[in-house]
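Biologist: I am new to this structure and would like to go through it piece by piece. Please show it first, and then I will ask.

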Amino acid sequence: YALLLAAGISGQLFAGGILTNTNQSAMFTRMQSRDATLGIDATYFNPAGLTLLPNNGFFLSLSNQTLGQTKWITSNNPLFNTIPTEYEGNVSAPFFPSIYAVYKMDKLTFSAGFNPIGGGGGATFETGLPSFESMVAPIVPGTKQILAPIDVATGGIYGFTNFNGYSYDVSFEGTSVFFGYQANISYQLNDMFSVAIGGRFVTAKNTYNGYLKNIQINAPAAYGGSMAPGTYVRTVGGATGQSAALEPYAQMLDAATADLEVDVIESGTGFTPIISLNAKISDNLNLMFKYEHQTKLELETEVIDGKDGGGMYTNGEKKRSDMPTQIALGAMYKPMDKLMLTTGFHMYLDSKADYGKTKDDGTGNMVSVPNSEILDNSLEFALGTEYSLTEKVDLSLGYLYTKTGASEAYQSDLSYSLNSNTIGGGLGYNINEMIQINLGGSYTMYAPSEKSFDGMNPNGTPATYKET
């Protein structure tokens, strides 16, 4: 049942790479492209551009996003009770705040920001996942294999192997949030160029809570109906006078179907150096560049009340969960006073980061998997437009395309990344020269992905099946 206790549950919910969130303001939600912004959310998107705020003094921005997602995972594993089987997971992040504060003094600007820079939500799968059920389903053919010699010896008249199907109780909930505390110093070199240097302190926390218990097979009604596999083998042993011979198999099944619980917290901290450059080519054209260095994160495991999933987690164990290097380029162009066009490009160097993935080396030992084996770099391309309908109302639309770098080897039902297309829109309302309110919404469409697995048919022959 190792996969029940896998160290992660993720999947793109927010704009950004496999781990990094870039949807860091209400203005982003309504435009999808803020890389070259000269507004206060440049604290995150374009720190060097803060030197071009319209006047000296103090600026403050508070925003929140409420995000939700429904995941569907479908498996056609031939051993499952229902083929295909669909699992639904609901992800919720009702609070996703972004807070920025800026103080500008002529050519020098100081800024600070707070963001959920990674994760930010929780996922609940009330009926489990394929990786859970794939550990339960083989119990049926395995129990049949144990009892088949008895059926053969008795000519099959007792029908000890005349059963199919199973049942179990399962629940799984995972949460992940990486908070970022950022500070920058920006300086205007001349009328065209500004630079900024900064850093982000990251606190990371993952939680996993779930159980897999009460595993039963649908044994023949004549022998008691649904019961634990080990109990059924003992029932057959008593009916045939072979209790002593079958007891070791019953004990093996008891161990394989023992109840498992997990209640684990993983936490750690890291630091991200950040540099940026802004080039104001003209009053109508602005360009930017930002480099965020890889954040090394080492998470330490805390097991609550001994619920370690039968030894799959170790209290005090450490693992890596880096945030990758991010490179961003952006442009903002105003062909007329009322119209603004924006674009952005992002690259996440996922192949260079360590996400803590492991694999069996063929001898039963779990070894680290270099990301270069399972990930290429993720890419994003964004377009946005804003039109000033009146002096008080700004309307906007935006589009974001995300191309994941995840290969089939990376994908699993617990941790996966998909290509996506996002559209967003909304408005900004200028109450006065000091205060603006932004309202926006976005919708993301993910491209399905398939992964092939080696398994077996109910009769024990090899089978290949897929998960979507």
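Biologist: In which sense do strand β15 and strand β16 pair?

Modeller: Note at the outset that this is a predicted model. Strand β15 covers residues 393–403 and strand β16 covers residues 420–430. Over 10 bridges, their pairing is antiparallel.

Biologist: Which residue of β16 stands opposite S396?

Modeller: β16 spans residues 420–430 and pairs with β15. The residue of β16 that stands opposite S396 is G426.

Biologist: How many bridges join β16 to strand β17?

Modeller: β16 and β17 form a hairpin, with 5 residues between them. Strand β17 holds residues 436–446 and runs antiparallel to β16. The bridges joining β16 to β17 number 11.

Biologist: What separates the C-alpha atoms of T29 and G426?

Modeller: T29 lies in helix α1, residues 26–31. Along the chain, T29 and G426 are 397 residues apart. T29 touches G424, G425, G440, G441 and S442, among others. The C-alpha atoms of T29 and G426 are separated by 7.9 Å.

Biologist: Is T29 buried or exposed?

Modeller: The relative accessible area of T29 is 9%. Buried means under 20%, so T29 counts as buried.

Biologist: Why are helix α5 and helix α6 called roughly antiparallel?

Modeller: Helix α5 (residues 229–240) and helix α6 (residues 243–256) have axes 8 Å apart. Angles over 145 degrees count as roughly antiparallel. α5 and α6 are therefore roughly antiparallel, as they pack at an angle of about 175°.

Biologist: How many charged residues are in the contact of α5 with α6?

Modeller: On the α5 side, the residues include V233, R234 and V236. On the α6 side, they include L246, E247 and D254. By class, this contact has 6 nonpolar and 5 polar residues, and the charged ones number 3.

Biologist: At what angle do the axes of α4 and α6 cross?

Modeller: In α4, I139, T143, I146, L147 and I150 meet L246, Y249, M252, L253 and A256 of α6. By class, this contact has 9 nonpolar, 1 polar and no charged residues. The axes come within 12 Å, and they cross at roughly 175°.

Biologist: Are α4 and α5 roughly parallel or roughly antiparallel to each other?

Modeller: The axes of α4 and α5 come within 11 Å and cross at roughly 10°. Angles under 35 degrees count as roughly parallel. α4 and α5 are therefore roughly parallel.

Biologist: How many nonpolar residues are in the contact of α4 with α5?

Modeller: I139, T143, L147 and I150 of α4 make this contact with P229, Y232, V233, V236 and T240 of α5. By class, there are 2 polar residues and no charged ones, while the nonpolar residues number 7.

Definitions and conventions. Residues numbered from 1 in each chain as written. Predicted model: local features only at pLDDT ≥ 70, side-chain atom pairs only at ≥ 80, totals over all residues. Heavy atoms only, no water. Pairing = 2+ DSSP bridges. Helix = DSSP H or I, 4+ residues; strand = E, 2+ residues; numbered from the N terminus. Axes fitted to C-alpha atoms, helices over the stretch in contact; angles between N-to-C directions. Parallel < 35°, antiparallel > 145°, perpendicular 65-115°, else oblique. Contact = heavy atoms within 4.5 Å. Nonpolar A, V, L, I, M, F, W, Y, C, P; charged D, E, K, R; others polar. Buried < 20%, exposed > 50% of the residue type's maximum accessible area, 1.4 Å probe, protein only. Lists of a residue's contacts leave out its neighbours within four places in sequence.
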